Amino acid sequence: MIGLGDIEAFFALKDRFKKWHRPEPLVTNTAQRFIHLFEAHGVARAQIPRFFGHNLTIYQVEHESELLKVLNAGLLDAAATLFSVRVEWLEGATEEIYQLNHFYQQPYMFGTWLDSLLETAGEHNINGWLLTTQFKTEEYDALILMREKVGELAGESVYRYHFCEQWIFSYWKCRADIAACVAQAWKRNSYVSGKRVTTDLFSRLLTLKLIPDSERDNTRIRGQSFHAEDLTIHPDFYTQGLAEGQFGKDCALGRWLEHYERGLMGSGFGDYSSFFKHTLKN
């Protein structure tokens, strides 16, 4: 007969296995957070002086005590700006690395925001993913994650990341606003691809406490791919899986057409408004 002690021992062993199988990064002081920031973005410790500059030496980055002597507000601000993270995280004042950009019910702001990035990044240096997962309840299950190239090392691109809203993919208002964001990105040649990821990975990303697509943080973006741009051109795909039955579909189609009239649905694949109008009438 299995007793309560056996059950507790089982779950304790399970938790230990999870921690061993997917260890969380250990960062306890400013120097460690600084080093972790670069390593999680694919910049090795000894590469930091060459990539980042600011008169840092290999000796300093290899020895935390020496690095702590030179880290000041200016260096922390520069590192935070380089990777678009919160300087408060580097300072140990918060566990959240990223700020969330909000575009729900104002998707036109996504285009304005993206234009501001493209002014300095240049064409083809910004792309991203529409990440979705599967929850059984009405929880956030979609995220637009953009990445911006900030440099190269040994022929490999180094990116910074931008979290663009948390969405409920099955809710018709969210579905329309997501489509408008995707369309505006494609129109600017900042291609957003779809990726269905595990609930575990999605939940971890939503904490804003980990670097995305990082081997160091166990957040590689892997999963089943889909064409996010189909939300802008195929009514059947656009309305697939929406909640609230026909009401949800009709509202989603109506909102798509409203965004179209405001010039937000031109993804560069032609004018598909007639397909959406036809689907709404039928």
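Because the model is predicted, local features were taken at a pLDDT of at least 70 and side-chain atom pairs at pLDDT 80 or more, while totals for chains, interfaces and linings use all residues. Residues are numbered from 1 along each chain as its sequence is written, and side-chain values rest on heavy atoms, with hydrogens and water left out.

The pLDDT (the predictor's confidence in each residue, from 0 to 100) averages 91 over the chain, and 90% of the residues score at least 70. Residues 6-11 stay under 50 in pLDDT, and the model has 2 contacts for them beyond four places in sequence, a contact meaning heavy atoms within 4.5 Å.

Helices (H or I, at least four residues) and strands (E, at least two) are DSSP runs, numbered from the N terminus. Strands of a sheet pair through backbone hydrogen bonds, either parallel or antiparallel; here two strands count as paired if DSSP finds at least two bridges between them. An open sheet is formed by 6 strands in the order 1-4-3-2-5-6, with mixed pairing. Strand 1 (100-101) and strand 6 are at the edges with a single partner strand each, so one side of each has no neighbour in the sheet.

Strand 2 (residues 126-132) runs parallel to strand 5 (residues 192-196), and 5 bridges join the two. Within this pair, Leu-130 is opposite Gly-194 of strand 5. On strand 6 (residues 224-226), strand 5 pairs antiparallel through 3 bridges. There Gly-194 faces Phe-226, and Lys-195 stands opposite Ser-225.

Directions are compared through axes, which are lines fitted to C-alpha atoms, for helices over the stretch in contact, with angles from 0 to 180 degrees between N-to-C directions. Helix 8 (residues 108-121) touches strand 1, strand 2, strand 3 (142-153) and strand 4 (156-167), and its direction makes about 5° with that of strand 3. Helix 9 (residues 172-187) lies across strand 2, strand 3, strand 4 and strand 5 and runs at about 150° to strand 4.

The crossing is right-handed; a crossing is left-handed if the near helix is turned anticlockwise from the far one by less than a right angle, and right-handed if clockwise. Residues of helix 9 in the contact include Trp-172, Ala-176 and Asp-177, and those of helix 12 include Phe-247, Cys-251 and Arg-255. By class the contact of helix 9 with helix 12 has 8 nonpolar, 2 polar and 3 charged residues, where Ala, Val, Leu, Ile, Met, Phe, Trp, Tyr, Cys and Pro count as nonpolar, Asp, Glu, Lys and Arg as charged, and the others, Gly among them, as polar.

The contact of helix 12 with helix 13 comprises 6 nonpolar, 3 polar and 2 charged residues.

Helix 2 (residues 30-40) and helix 6 (residues 73-83) pack at about 30° with axes 11 Å apart, which makes helix 2 roughly parallel to helix 6. Helix 2 passes helix 6 in a left-handed crossing. Thr-30, Phe-34, Leu-37 and Phe-38 in helix 2 meet Leu-75, Leu-76, Ala-79, Leu-82 and Phe-83 in helix 6. The residues of this contact of helix 2 with helix 6 are 8 nonpolar, 1 polar and no charged.

Terms used: Angles under 35 degrees count as roughly parallel, over 145 as roughly antiparallel, 65 to 115 as roughly perpendicular and the rest as oblique.
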